[in-house]
Each structure stands twice: as C-alpha cells, then as structure tokens.
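Please look over the sequence and the structure below before reading on. The paragraphs after them are meant to be read with the model in view.

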Amino acid sequence: MVDVNYKLTFLLFLLIVLLIGIPMAAARPTYLAAFKENYNTDGTKLDTCNTCHTSGGGSPRNPYGLEYSTGGRDFASIEALDSDNDGITNIDEINALTFPGDSKDFPQTTSEITTNETQQLLNAEVSVGNATSEIASTESINNTTQAQKVSGFEALLAAIGFLSIVGLHKKIR
C-alpha cells in the first residue's frame, strides 16, 4: 500500500511542478510585446523571441537578452550598449531591424541598401502614421489583462497542488 501512495505522491508532485512552470513560460511573451511596443517592430524580423534568445523562446538568452535581464528589464538603459560586440550599438541595430544580440546580423551599409528597400521603408512609415500610438495603447491594455489572467491561473494551480498534497498526506496516515 505504501508503494502505491509513494508513486501517486511522486506523480502528483511532478504534475504540480509542471503546472506551476506553465504560467512562467506563458509570461515571457510580455517582454516581446513590450519590445514591439517600445520600438514599433511588429511584423518585422525582430517580432520574434530570437531578439533576446539564441533560437526562440525557452532557449538560452543571447547577449542582448542577458543585458536586458541584468539591466532591470529597461530597454532604454541598454540602447547605447553593443551587446553582441559587433561595433554597432543596440539602438542602431534595432532601428536597422537587425538583431542586437547576434554579431553576425548587423545593418547594411548605405551603399548596400537598394532604392527599392528605401522606398518600401518610406511607404511603411507613411501608411502607419498616427495609428501606431492607438495600436500601442490597445496592445498595452491587452498585455496587462493577459498578465493578470496568468497570475490568477498560477495561484489556482498552486492551491490545487497544495490541497492535493494535504489530501495525500492525510490518506497515507
């Protein structure tokens, strides 16, 4: 009988650990949303977790992601740094839509940029216009709501896990 209870306790403990880890992973996209809102990179190649990670969310952080984390999660405080040591500041790489944490990805020189690419950038800026601030405000409200939902979900899972362990403990006695 003790063997069955031990296995059940171990299985429930593993389940609780996994369930508590889910909300933590779900909270990470808020950093990407904050980055996109701050730098208006929605729909660009910087609209991915690779901006701060080596190969997507959950992978190790790249130099920019490490600087962001250790810099108090304040984008402005790391703009003047060159996180990937490629000779170009983070803000210059972000403005050029290149990854500030990847030394192999850096802005093209002026002579490499074609007239067509320049025209596309100008057209994109004109079409965005004043709608950017309205979209950023809406995204900010949505992200706050999402963060509140995640926090409540995490508390619910913790309570369920605690009650399960207490119930098992009483059953074992």
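What follows goes from the core to one helix, then to a loop and the cysteines.

This is a predicted model, in which local features need pLDDT of at least 70 and side-chain atom pairs count only at pLDDT 80 or more, while totals for chains, interfaces and linings use all residues. Residues are numbered from 1 along each chain as its sequence is written, and side-chain values use heavy atoms, with hydrogens and water left out.

The largest nonpolar core is made of ten residues, namely Phe35, Tyr39, Leu46, Cys52, Tyr64, Tyr68, Phe75, Ile78, Ile94 and Phe99; a nonpolar core here is a set of buried Ala, Val, Leu, Ile, Met, Phe, Trp, Tyr and Cys residues joined through side-chain atoms within 4.5 Å, and buried means under 20% relative accessible area, exposed over 50%, and partly exposed in between, with a 1.4 Å probe and protein chains only. Two or more residues of this core come from each of α2 (29-39), α3 (63-70) and α4 (75-78), where helices are DSSP runs (H or I) of at least four residues, numbered from the N terminus. Leaving aside residues up to four places away in sequence, Tyr39 touches Tyr64, Phe75, Ala76, Glu79, Ile91 and Ile94, contact being heavy atoms within 4.5 Å.

Within α3, the buried residues are Tyr64, Gly65 and Tyr68. Seen down the helix axis, they fall within an arc of 100°, so they line one face of α3; the arc is taken from the directions from the helix axis to the C-beta atoms. These buried residues pack against α2, α4 and α5. At the start of α3, a side-chain oxygen of Asn62 comes to within 3.0 Å of the backbone nitrogen of Tyr64, and just after the helix Gly72 takes a positive phi of about 75°.

The loop between α4 and α5 (90-95) holds Asn85, which counts as exposed because its relative accessibility is 69%. Although Asn85 and Pro63 are 22 residues apart in sequence, their C-alpha atoms are 9.0 Å apart in space.

How many disulfides does a search of the whole structure find? It finds zero, a disulfide being a pair of cysteine sulfur atoms within 2.5 Å. The closest cysteine sulfur to that of Cys49 is in Cys52, 8.4 Å away, which is too far for a bond. Cys49 is partly exposed, with a relative accessible area of 33%, whereas Cys52 counts as buried because its relative accessibility is 17%.

Conventions
A polar contact is a pair of N or O atoms within 3.5 Å; within protein, one must be able to donate a hydrogen and the other to accept it, and residues adjacent in sequence count only if both atoms are side-chain atoms.
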